[in-house]
Amino acid sequence: MSQINLNLTNYGQEAYNMAYEWYMGNGPVPIPRLTEEECAAQGLPDYSVLFQPLTDNNTANQTIGFGKGKTIMHLSIELAPVIAAIKLGFSDRKILEMMLHHNIKSAHFSEMSATTLEPIFQSVGGKDFYLHDVYISIVKALSLNPAGRGILDEASRSADYNADLHVGLLHADDQKYWNATRIKDLADSISGNDYNATPHYTGFNELSDSLASISCFPENSALEYLRRSGMLNEDVISKRSANYGMWETTLARLVIDKPTALKLFLACANSTIPNEKVIIRRALKSITMDSYDATNLSPSYCLERLQDIFVDSTLEDVFHSDVLRLNLMAVDRPQDFDGSSGGAAGYERICAQNSELINRLTKEVMAVPENELGYSHFSCWRRLPQIDLMPQRLQKGDPEALVIHMLDGFDRFTYPDNETEEKTEIDKLARAGLKDLVQVLACHHDFDYSYFQDLSSTHKKDLIKMGLDVKKLPGLTLQDLGEAFSHDMGL
C-alpha cells in the first residue's frame with residue numbers, strides 16, 4: 001500500500017504516479033473515490049488526496065517531473081490524474097469523465113505552467129505534448145457537455161491571462177471562447193464607453209508569442225488560427241482601441257525562423273477567399289515597429305523576409321508599401337535612417353531617393369477610406385522628422401486634402417469621452433503622428449488656408465495647436481479660440 005506523505009512540500013509527483021499506475025492497471029476507469037481509512041482497509045494507495053476540496057493552498061503549487069525531472073509542470077494535485085489520462089492517450093470523452101469525477105474547476109488548471117517552452121512529455125502514442133497541447137486536450141474534453149462548458153466559462157473570464165490556456169480555447173467549438181470574440185467585445189465596450197475592467201489586451205499580444213508548434217492551429221489550419229486569434233479583427237488591424245502587437249510579434253518570430261510564424265504568413269499568401277484577402281492585405285500593411293521591442297530586429301531583414309514570402313503572389317504589393325516600410329523602423333532608432341550611407345538595404349527610395357516620398361505617401365493614404373484609417377497611417381509620419389528629406393515636389397491642393405482626410409480619419413479613430421488607459425495612450429501616439437504630418441508638410445509647402453475655411457472649430461483649433469497660423473483660421477468658438485491661444489502661449 002502506498003501512502004502519500006501530506007507533510008511534504010510537494011506530493012504532486014506521488015499523486016501523478018499513483019494515478020498513472022491505476023490507469024495502467026485498470027484502463028480508462030475512474031479512480032475510486034474512497035476515504036483514507038477505506039483505502040487502508042482495502043490495501044489500496046491513499047486515493048483520497050486526489051479528491052481534495054479546492055483551496056488557495058492546492059492550486060498550481062505541486063510539481064510533476066518528466067524526462068528524468070528535466071521538465072517540471074506546476075499544477076494542483078487534483079489535476080494529476082487528468083495529466084496521466086492525457087499522457088496515456090485517453091479519448092476526449094474519457095478525459096472529461098476523469099475531470100468531472102475529480103470535480104475539476106477552472107482554478108485547478110488556469111494557472112498550470114511548465115518550466116520549458118519545449119515539449120513537456122510524449123504521449124504513449126509518441127505525440128509531443130507542449131503545455132498548450134495539454135490545455136487543448138482539456139478544452140476539447142470540457143467542450144463536450146454543459147457542465148464542462150460551464151468550467152470553460154469560468155476559465156475564459158479569469159482576470160489573469162494565460163496565453164497557453166487561450167491557445168487551448170481557440171480549439172473550442174463555441175466561438176465565444178475565441179480571442180477574436182473577446183477582442184470584438186472589448187472594442188464594443190470601449191467604443192460604447194462600457195469598459196470591461198479585464199480587457200487582457202496585453203495578454204492578446206502574448207498569444208502570438210506562445211506558438212511553439214503547429215499543433216497550436218485549430219483544425220490544423222494556420223488560417224483558422226488567424227481568424228480565431230483575432231489577428232484579422234478590425235481593432236487589431238487599426239489598433240483603434242489598444243496597441244495590439246500580434247502581427248508585430250508574429251513578424252519577430254518569422255525573423256528568428258520560427259516555423260509556426262512562417263506558416264502563418266504563408267497562409268496569408270495562400271488565402272483564396274477574396275474578402276479575407278482584402279483584410280489580410282490591410283493587416284500586413286498595418287504592422288508598426290513601435291508596437292513591440294525592436295532592439296534586435298533589422299527593418300531591412302523584416303522587409304526581406306516578407307518579400308521572400310509574398311513575391312509573385314497576389315499580395316506582392318504589400319512589401320512595396322511606403323507606409324509599411326516606414327513603420328518597420330522604430331521611432332526611437334534614428335540610426336535606421338542613415339541617409340549618408342543611403343540607408344538600410346531596400347530603403348534607398350526612402351533614405352536616399354526621397355524627393356517623391358510625401359507624394360507617394362499621400363497617394364497611398366488617400367486611397368484608404370476615412371473609416372479604415374488606422375494607427376499605422378498616423379504612425380508613419382512620426383518617422384519623417386528623422387529623415388533627411390530632399391525638397392519635395394508636392395501637387396497643388398494635395399497637402400491640404402491629405403490633412404483634411406487625416407483629421408476626419410482621426411475623428412473616427414478616437415472615441416469621445418473614453419477614459420481607458422490603453423485607448424488614451426494609442427490616441428496620444430496617433431495625434432503625435434498627425435502633428436508630425438502637418439509640421440513636415442509645412443516645411444515643404446505653403447498651405448493654402450482657403451481649403452481649411454469650412455473645417456469645424458475643433459479641427460481649426462487642432463491645426464493651430466499643430467503650428468498653423470491662428471490669424472488665418474477664423475470661425476473658432478470662444479472656447480476653442482481660448483484653448484488655441486493658451487497652447488500658442490505655452491500655457
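**Salt bridges and their surroundings**

Modeller: A total of 23 salt bridges is found in the structure, each being a side-chain nitrogen of Lys or Arg within 4 Å of a carboxyl oxygen of Asp or Glu. This is a predicted model, in which local features need pLDDT of at least 70 and side-chain atom pairs count only at pLDDT 80 or more, while totals for chains, interfaces and linings use all residues. Residues are numbered from 1 along each chain as its sequence is written, and side-chain values use heavy atoms, with hydrogens and water left out.

One of these pairs joins Glu97 to Lys94, with 3.1 Å between the closest N and O atoms. Both residues belong to helix H4 (residues 92–101), where three residues, about one turn of the helix, separate them; helices (H or I, at least four residues) and strands (E, at least two) are DSSP runs numbered from the N terminus. Glu97 is partly exposed, because its relative accessibility is 31%, and Lys94, at a relative accessible area of 28%, is partly exposed as well. The classes used here are buried for under 20% relative accessible area, exposed for over 50% and partly exposed in between (1.4 Å probe, protein chains only).

The pair of Glu224 and Arg228 has its closest N and O atoms 2.8 Å apart. Because these residues lie four apart in helix H11 (residues 222–229), about one helical turn lies between Glu224 and Arg228, and both of them are buried. This pair takes part in a network of salt bridges that links Glu219, Glu224, Arg227, Arg228 and Glu276.

In helix H22 (residues 421–444), Asp427 and Lys423 are again four residues apart, about one turn of the helix. Their salt bridge has a closest N to O distance of 2.8 Å, and Asp427 and Lys423 are both buried. Lys423 also lies over the face of Tyr415, at 4.7 Å from the ring centre, where a charge sits over a ring if NZ of Lys or CZ of Arg is within 6 Å of the ring centre and within 35 degrees of the ring normal. Lys127 lies over the face of Phe129 at 4.7 Å from the ring centre, and Phe129 in turn belongs to an aromatic cluster with Tyr16, Tyr20, Phe66 and Phe121.

Rings of Phe, Tyr and Trp (its six-membered ring) pair if their centres lie within 6.5 Å, and planes under 30 degrees apart count as stacked, over 60 as edge-to-face and the rest as tilted. Tyr16 counts as buried because its relative accessibility is 5%, whereas Tyr20, at 22%, is partly exposed. Phe378 and Phe410 form an edge-to-face pair, 5.7 Å centre to centre with 75 degrees between the planes. Phe378 lies in helix H20 (residues 375–379) and Phe410 in helix H21 (residues 398–413), so this pair ties together parts that are 32 residues apart in sequence. Phe378 is buried, at 0% relative accessibility, and Phe410 is buried at 5%.

Phe66, a member of the aromatic cluster, also lies on the covered face of strand S1, together with Gln62 and Ile64, while Thr63 and Gly65 make up the uncovered face. The strand belongs to an open sheet of three strands, ordered S1-S2-S3 with antiparallel pairing. S1 (62–66) and S3 (113–114) stand at the edges and have a single partner strand each, so one side of each is left without a neighbour in the sheet. Two strands pair if DSSP finds at least two bridges between them; five bridges join S1 to S2, and two join S2 (residues 71–75) to S3. His74 of S2 is the bridge partner of Thr63, and the partner of His74 in S3 is Ser113.

For the protein as a whole, there are 24 helices and five strands, and 55% of the 491 residues count as buried.
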